[in-house]
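I am opening these notes with the ligand site, then moving to the strands, and finishing with a few backbone details.

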Amino acid sequence: MNKFELKNTPQWQNLEKHYLSIRKTHLRELFENENRFNTFSIRENNLGITFDYSKNIINSDTFKLLMEFVKTAMVNEYAKKMFSGEKINWTEKRAVLHTALRNRSNTPICVDGKNVMIEINEVLNKMKKFSNDLRSGEWLGVTGKKITDVVNIGIGGSDLGPKMVCEALKYYAVGPNVHFVSNIDGADMYEVLKKLNPETTLFIVASKTFTTLETITNALTARNWLTVKLGDKAVKNHFIALSTNTKKVIEFGIDEKNMFIFWDFVGGRYSLWSAIGLSIACYLGFDKFVEFLEGASCIDSHFLNTPYEKNIPIIMAALGFWYNNFFGASSYAVLPYSQYLHKFPVYLQQVDMESNGKTVNFEGDRVDYETGPIIWGESGTNGQHSFYQLIHHGTKFIPCDFIGFVNPPERVGDHHEKLMANYFVQGEALAFGLSKDEVIENLRKAGVSLPDIKVLTPHKIFEGNKPVNSILFDELTPKTLGALIALYEHKIFAQGIMWRVNSFDQWGVELGKVLANIILPELKAQADNKHDNSTKNLIKIFNSHKK
Ligand code: F6P
């Protein structure tokens with residue numbers, strides 16, 4: 001069979017040719033068309049989202065060619081397979097159904113002849129009862145005290161999603177305090193436990209496999225901390241498990257009644273919609289958790305049913321592909337202008353980079369083009385005083401997503417207007433820059449001498465032409481946060497299909513899990529080890545200098 005050559009397809013070749021003709025065009029020039037915002041923006045009224053992608057280096061031909069590429073890649077056909085429970089994660093022979101977890105219309109979805117909605121709804125009801133009981137005091141600690149603190153112990157998808165959401169929506173919190181411990185570094189657990197009282201603390205052990213070294217080590221430490229003070233009988237009131245692995249949960253000593261299941265069709269990095277979201281439901285109340293699911297569900301319908309040309313995740317995916325594969329942009333900045341969303345870029349790193357950090361295509365061949373970009377970012381305006389210098393003036397080409405909110409949940413003086421002034425002006429400056437003439441004029445007006453103007457001018461010019469997507473929500477609510485996450489999930493899905501990679505396995509991470517377990521005994525004993533010369537000597541130093 002001939003190898004599939006994506007770069008030789010007419011759709012790729014057309015983009016390549018077109019790139020050569022447009023790559024030097026400046027956004028200033030593209031904006032000579034007065035109607036550009038109308039042409040290249042989308043407003044979704046039911047969620048209050050405005051998506052402005054007019055500050056991208058595209059014209060109507062680019063857009064047409066990108067949409068042709070998406071069409072030929074059959075993104076919508078693959079999306080339908082995913083939503084209907086086909087086993088599109090073929091290397092693990094699994095369906096990919098995080099969308100079923102927020103299927104608010106409750107239409108049956110079958111995997112291996114079984115309607116998964118039945119168990120999904122059962123678990124949701126169990127989450128509702130548990131989170132209500134915890135908040136009302138129906139569920140008490142072993143000494144009869146109300147739970148004031150919940151500690152989620154998990155890592156990767158069993159940590160990042162719930163942690164980010166609890167932080168993003170803390171304005172709406174009505175439940176106990178939530179804490180997150182993920183790192184196997186004892187400092188993480190130590191710093192959380194030192195503030196807590198075992199009588200009023202509940203541990204949620206979140207692990208899809210219930211075998212992850214970090215999580216199990218942390219859970220054992222937490223259990224020890226609890227039982228030393230309250231005895232073994234305390235485990236049943238103070239430990240909850242979220243997992244797909246009932247056997248391991250029972251072996252750990254957690255009662256099956258205190259376990260919330262999920263399924264192998266939920267990928268770790270897509271699991272915040274499942275029982276893994278229990279800490280969110282406890283913190284915000286179950287109704288808000290449902291609103292969160294509803295927001296994502298609205299985007300699911302939008303993604304499945306909207307023509308490509310008006311489909312926000314599709315356009316986000318196509319633009320990312322445009323810069324990644326033609327402009328050579330190896331990284332992508334995500335910049336939320338909301339302190340509540342300061343953990344969003346880190347959360348997104350796992351979703352995007354664990355999904356599309358792949359080199360092997362559908363056919364099992366090594367790709368000869370770039371796949372997933374490096375995702376990074378920080379909340380505005382903190383990032384402005386750190387790395388924006390490089391985005392504006394550095395030699396790297398970095399497309400950016402600016403995420404903002406018209407109405408923040410809180411109102412503190414005129415902070416929000418000042419924050420959003422930065423949101424608007426930074427997008428504008430990145431796109432349009434500051435020309436030589438403008439710089440000279442500004443310096444002259446400021447009374448700078450002619451010789452100084454000559455010296456300063458080259459340093460003060462902003463080339464601009466840095467692409468910016470502006471994602472502007474009317475409000476930050478559980479519903480809109482659910483929608484925002486789902487937008488990115490589907491963007492990443494669409495890009496995976498365009499790059500022809502499996503976005504749902506993570507063999508690159510699995511190797512690390514296995515290797516850490518092999519090396520561990522060598523750090524405990526002084527045994528000679530068979531590693532390469534560098535690792536062998538590092539381990540030797542670790543062992544001989546250990547106090
Ligand atoms: O990092 C790899 C990974 O498998 C993630 O996908 C997952 O979220 C994380 O490890 C934790 O795994 P588990 O939930 O099984 O403890």
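Which polar side-chain atom lies 2.8 Å from an oxygen atom of the ligand? I looked this up and found that the atom belongs to Glu354, a polar contact being a pair of N or O atoms within 3.5 Å, where within protein one must be able to donate a hydrogen and the other to accept it, and residues adjacent in sequence count only if both atoms are side-chain atoms. I then noted that the protein covers 92% of the 390 Å² of accessible area that the ligand has on its own, areas coming from the Shrake-Rupley method with a 1.4 Å probe, with only the protein chains shown counting as cover for residues.

Before going on I record that this is a predicted model, in which local features need pLDDT of at least 70 and side-chain atom pairs count only at pLDDT 80 or more, while totals for chains, interfaces and linings use all residues. Residues are numbered from 1 along each chain as its sequence is written, and side-chain values use heavy atoms, with hydrogens and water left out.

**Ligand site.** I listed 13 residues around the ligand, of which Gly157, Ser158, Ser207, Thr209 and Thr212 come nearest, a residue being near if one of its heavy atoms lies within 4 Å. A backbone N or O atom of Gly157 is 2.6 Å from a ligand oxygen, and an N or O atom in the side chain of Ser158 is 2.7 Å from an oxygen atom of the ligand. The helices α15 (344-356) and α21 (507-524) each supply at least two residues of the shell; helices (H or I, at least four residues) and strands (E, at least two) are DSSP runs, numbered from the N terminus. The ligand sits in the largest pocket, where a pocket is an open set of points on a 1 Å grid over the protein atoms alone, where a 1.4 Å probe fits, with protein on both sides within 12 Å along at least five of seven lines, and sitting there requires that more than half of the molecule's atoms lie within 2 Å of its grid points.

**Strands.** I checked β7 (residues 201-206) and found 6 of its 6 residues buried, meaning under 20% relative accessible area, with exposed over 50% and partly exposed in between (1.4 Å probe, protein chains only). Thr201, Phe203 and Val205 point one way from β7, and Leu202, Ile204 and Ala206 the other way. In a regular strand the side chains alternate between the two faces of the sheet.

I found β7 joined in parallel to β5 (residues 149-153) by 5 bridges and to β8 (residues 239-243) by 4 bridges, two strands pairing if DSSP finds at least two bridges between them. Val205 is the bridge partner of Ile153, Ile204 has Ile240 as its partner, and Ala206 has Leu242.

Strand β8 is largely enclosed by the rest of the structure, because 5 of its 5 residues are buried. I also noted 3 bridges joining β8 in parallel to β9 (residues 259-261), where Ala241 stands opposite Met259.

**Backbone details.** I marked a cis peptide bond between Gly380 and Thr381, with omega about 5°; Thr381 is in the loop between β11 (374-376) and α16 (388-393). Met74, in the loop between α4 (60-73) and α5 (75-84), has a positive phi near 60° and is partly exposed, at a relative accessible area of 39%. Asp112 has a positive phi of about 50° although it is not a glycine, and is exposed at 65% relative accessible area.

How values were computed
1 Å grid on protein atoms, 1.4 Å probe; cavity = no way out; pocket = protein on both sides within 12 Å on 5 of 7 lines; lining within 4 Å.
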